[in-house]
Amino acid sequence: MTHTIFIDGEAGTTGLEIRQRLDGRGDLQFISLGDERRKDAAARRDAMNAADAVILCLPDAAAIEAVAMIDNPKTRVIDASTAFRTAEGWTYGFAEMDHGQRAAIGRATRVSNPGCYPTGFIGLMRPLIMAGLVPADWPVSVNAVSGYSGGGKAMIAEFEASDRPQPFRAYGLSLMHKHVPEMTRHAGLSRDVLFAPAVGNYRQGMLVEVSLHLAALPGMPTLEVVHSVLSDAYAGSRFVEVVSLEATEAMTGLDPEGLNGTNRMRLHVFGDRRGGQARLVALLDNLGKGASGAAVQNLNIMLGLDEGTALT
Ligand SMILES: NC(=O)C1=CN([C@@H]2O[C@H](COP(=O)(O)OP(=O)(O)OC[C@H]3O[C@@H](n4cnc5c(N)ncnc54)[C@H](OP(=O)(O)O)[C@@H]3O)[C@@H](O)[C@H]2O)C=CC1
Ligand SMILES: CC(=O)N[C@@H](CCC(=O)OP(=O)(O)O)C(=O)O
């Protein structure tokens, strides 16, 4: 059976990566508008209503407009923007976040693809909060560094055009980053997370880190307990791996580009087993499991296919 797919925003950073991952798949047929018509509202409306599945790779405002154009009840949507990640009627497209989430994605007509930073943060924290190791109202901070492709075409042009690009830039300094509601909600927290992002002068890949004073938590969990809760949560997972404590203890550094080109995420629990502190670090490709890879995984699930089709 062939499914008809329309990628709105196909010429953008996320759209291009999705298209590359889907190229050569005989089970899919694409509606493509070409450069002249890709922003023509009428052409986009027709394309969306003719498709079995639409993947929106647009800025938030354009994604909201696009969804309003769909009147075919059979058209299913995956939105890569931030617009619907905490919206009523949308299913959050992070298959590994809970038992049952994959099946919910499979049934959904509207799926919001998670943000890149939230994928790392929720991946690290949700199991610990659900297990009661971290109380829902705990004050949690998250630091992260992303490659500049995280900022789309505009940021890529900024970094690649400049003779002397900044090596590193802290941003989100007002603490009002657009990912805060999504991270807070889907991690299961009741208090807004404090998010400190940064962008580095490299194209792609990211580290997302939560530091915890384990000895200050109500149950004073050990590093081993934290590790075992995370390992249990992702046991058998194809794309999310929890690195063994032996392996993390042997590491002296972590490369943010280490999973580029894949749909995988690796979770690390760093710290001294005798100490009362932990650095939890997620490694992922912002354009892989953080965006385009996750969108393809969600599409596979929605079409009833093996979720790993065309993904590494
Ligand atoms: N980059 C990343 O790592 C991630 C991005 N996302 C999200 O994915 C979405 C797309 O981001 P990204 O690919 O990085 O952004 P880009 O800016 O690289 O691409 C966006 C594309 O949308 C096109 N576009 C803008 N407005 C319209 C419109 N009204 N109609 C049709 N096309 C339009 C742009 O056209 P033009 O080429 O003319 O500018 C561009 O091709 C965003 O919501 C972003 O937040 C999510 C996770 C990670
Ligand atoms: C480096 C950089 O600028 N990154 C982007 C996030 C990229 C991303 O995840 O976009 P979504 O909002 O669609 O999830 C930012 O901080 O706004």
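I start with a term: two strands pair if DSSP finds at least two bridges between them. Helices (H or I, at least four residues) and strands (E, at least two) are DSSP runs, numbered from the N terminus.

**Entry: ground rules**

I am working with a predicted model, where local features need pLDDT of at least 70 and side-chain atom pairs count only at pLDDT 80 or more, while totals for chains, interfaces and linings use all residues. Residues are numbered from 1 along each chain as its sequence is written, and chains are lettered from A and ligands numbered from 1 in the order in which they are written.

**Entry: the hairpin**

I looked up strand 12 and strand 13 (residues 277–284). They pair in the antiparallel sense over 6 bridges. Leu267 stands opposite Ala282 in strand 13. The hairpin has 6 residues between its strands, and Gly271 there takes a positive phi near 150°.

Strand 12 also has a parallel partner, strand 11 (residues 240–242), with 3 bridges in the pairing. There Glu241 has Arg266 of strand 12 as its bridge partner.

Is strand 12 enclosed or open? I call a residue buried if 20 or more other C-beta atoms lie within 10 Å of its own, exposed if 12 or fewer, and partly exposed in between, with C-beta atoms placed from the backbone. In strand 12 (residues 265–270), 5 of the 6 residues are buried, so the strand is largely enclosed by the rest of the structure.

**Entry: the whole protein**

I counted elements next. The protein has 11 helices and 13 strands. Its radius of gyration is 19 Å, close to the 20 Å of the globule rule for 312 residues, so the protein is as compact as a globular protein of that length. The radius is taken over C-alpha atoms, and the rule is 2.2 Å times the number of residues to the power 0.38. The C-alpha trace spans about 60 × 50 × 35 Å along its principal axes. Buried residues make up 45% of the 312.

I then checked contacts (C-beta atoms, placed from the backbone, within 7 Å). Of the contacts with a separation of 6 or more, 72% join residues 24 or more positions apart.

In what order do the 6 strands of the open sheet run? The order is 2-1-3-4-6-5, and the pairing is parallel. Strand 2 (28–31) and strand 5 (91–92) are the edge strands, each pairing on one side only. Helix 3 (residues 41–50) packs on the sheet and touches strand 1 (3–8), strand 2 and strand 3. Its direction makes about 145° with that of strand 1. For this, axes are lines fitted to C-alpha atoms, for helices over the stretch in contact, and angles run from 0 to 180 degrees between N-to-C directions.

Strand 3 (residues 53–56) and strand 4 (residues 76–79) share 4 parallel bridges. Val54 has Val77 as its partner in strand 4, and Ala53 has Arg76. From strand 4, Arg76 and Ile78 point one way and Val77 and Asp79 the other; all are buried.

**Entry: ligand 1 and helix 1**

I listed the surroundings of ligand 1 (C-beta atom, placed from the backbone, within 6 Å). There are 27 residues, the closest being Gly12, Thr13, Thr14, Ser81 and Gly152. Helix 1 (13–22), helix 4 (60–68), helix 7 (152–161) and helix 11 (288–302) each give two or more residues. Helix 1 gives the most, with 3.

I sorted the shell by class: Ala, Val, Leu, Ile, Met, Phe, Trp, Tyr, Cys and Pro are nonpolar, Asp, Glu, Lys and Arg charged, and the others, Gly among them, polar. That gives 9 nonpolar, 13 polar and 5 charged residues around ligand 1.

Helix 1 is mostly covered, with 7 of its 10 residues buried. Among them are Thr13, Thr14 and Ile18. The cover includes strand 1, strand 2, strand 3, helix 7 and helix 11. Gly24 follows helix 1 and has a positive phi, near 85°.

**Entry: ligand 2**

Residues around ligand 2 include Ser81, Thr82, Lys178 and Val199. Helix 6 (116–130) and strand 9 (194–200) each give two or more residues. By class, I find 5 nonpolar, 6 polar and 1 charged.

**Entry: Gln297**

Gln297 lies in helix 11. Why does Gln297 count as buried? The reason is its 29 C-beta neighbours inside 10 Å. Beyond neighbours within four places in sequence, Gln297 is in contact with Ala95, Asn263, Glu307 and Leu311.

Note on methods. Two residues are in contact if their C-beta atoms, placed from the backbone, lie within 7 Å.
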